Amino acid sequence: MKKTDQLGINTICTHVGELKDEQFKGAVSPIYLSSSYQFYDVDVKRYPRYFNTPNQEALCKKIAALEKTENALIFGSGMAAISTSLMAFLHKGDHVVLQETLYGGTYNLVIEEFNKFGIEYTFTESLEIEDFKKVIRSNTKVVFIETPSNPLLKLVDIKAVADLAKKHGIVSMIDNTFASPINQTPIDFGIDIMIHSATKYMGGHSDILAGAVAASNEHIDKIWNIAKNFGGSLSDFTVWMLERSIKTMNLRVKCQNENALKMANYLEQNPNVDKVYYPGLESHENHELAKAQMKGFGGMLSFELKEGIDSMEFQRNLELIKPSMSLAGVESTLLSPSQTSHALLSPEERAKQGIKDGLIRFSVGIEEVEDLIADIEQAIEKL
Ligand SMILES: *Cc1c(COP(=O)(O)O)cnc(C)c1O
């Protein structure tokens, strides 16, 4: 067989890391659910919380291949992956630079927990590289970005951030969840550590909570050292589910890319819609950057209904598209950030971030786009 780095993306998704069923010659990886392994006379002392069961190690090979890194670790949630990775590189008295708009859970982790550990932090004023440069200090150890960001799909220049981090000897991390490894490979631009909520595109069916980190052996060792203490490993049954899910990730994400672009174009010309935010549209402020650093524009978009149209009533009228939290499943879902992810912010803070009350975030699924459009038309018609 070819070397892993020469394989095509669907072959990586389907085969890399799979465990051979030597006993029965079954076609898929067997699940090893043991939480107890022999301790004497073995090369590896295995235990689920040491992140080294057969299924965990096997899936890590697939995820590392997808992010083109040496190694990976799988966690019980995206937040376990994010918190453990950050804490592995931040000690008392250290400083971390984080981008302005971040996933709410990451933001809460920083503002609710870091003071307890004496870790200093600064959120940038904007997503522009100049605002990252301004806030780097002599004790800055980590720079953390998330692009495309939620919910307006604004982008950060990945290469500019990676270069800045290298210049200052800082570790760079990216939350690559929204893009997935199919649409964006940040290591190509010099980012050190790629983090995923595998709950989203890797899982892809709205039935798994998991996280993943991909990086060099050296960085993964550092993260592993505290991961075993924090204990955020994933159950082997779910690890196996995730392996199965990733087999179709490229097919799903490609379809979602296509659907989202068609949907964005449709919404942009719909007279009931004010504005559409999608990196694949020429009207998006970061379209050129998206073309430079993304291989596909993703399945996430946002739009604003015309003033006077009740966005909550519109959502209640939908029959096919589900108004629900979370994202990236094969089924289309949408929600109002002002009622959900950004509900705790004051209306002024939301306005500052450009999040209007009528803004709707849309996670486009794999259904036929014509059916999704028909659902939107009938929901507007009923108003
Ligand atoms: C969902 C999400 C997370 C958190 O992941 P969980 O699996 O819910 O812990 C982190 N970052 C982004 C961008 C997400 O969408």
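**Strand, helix and ligand**

Modeller: In strand β1 (residues 71–75), 4 of the 5 residues are buried, so β1 is largely enclosed by the rest of the structure. Buried means under 20% relative accessible area, exposed over 50% and partly exposed in between, with a 1.4 Å probe and protein chains only. The model is predicted: local features need pLDDT of at least 70, side-chain atom pairs count only at pLDDT 80 or more, and totals for chains, interfaces and linings use all residues. Residues are numbered from 1 along each chain as its sequence is written, and side-chain values use heavy atoms, leaving out hydrogens and water.

Biologist: Which residue in β7 stands opposite L73?

Modeller: Strands β1 and β7 (residues 211–215) run antiparallel and are joined by 5 bridges. Strands are DSSP runs of E, at least two residues, and helices are runs of H or I, at least four, numbered from the N terminus. Opposite L73 stands V213.

Biologist: Within what arc do the buried residues of α14 fall?

Modeller: Buried residues of α14 include V369, I373 and I380. They line one face of the helix, because seen down the axis of α14 the buried residues fall within an arc of 155°. The arc is taken from the directions from the helix axis to the C-beta atoms, and its value is 155°.

Biologist: How far is a polar side-chain atom of D175 from a nitrogen atom of the ligand?

Modeller: D175 is among the closest of the 14 residues that surround the ligand, where near means a heavy atom within 4 Å. From the polar side-chain atom of D175 to the ligand nitrogen atom is 2.6 Å.

Key
Pairing = 2+ DSSP bridges. Polar contact = N/O pair within 3.5 Å; in protein donor to acceptor, adjacent residues only side chain to side chain.
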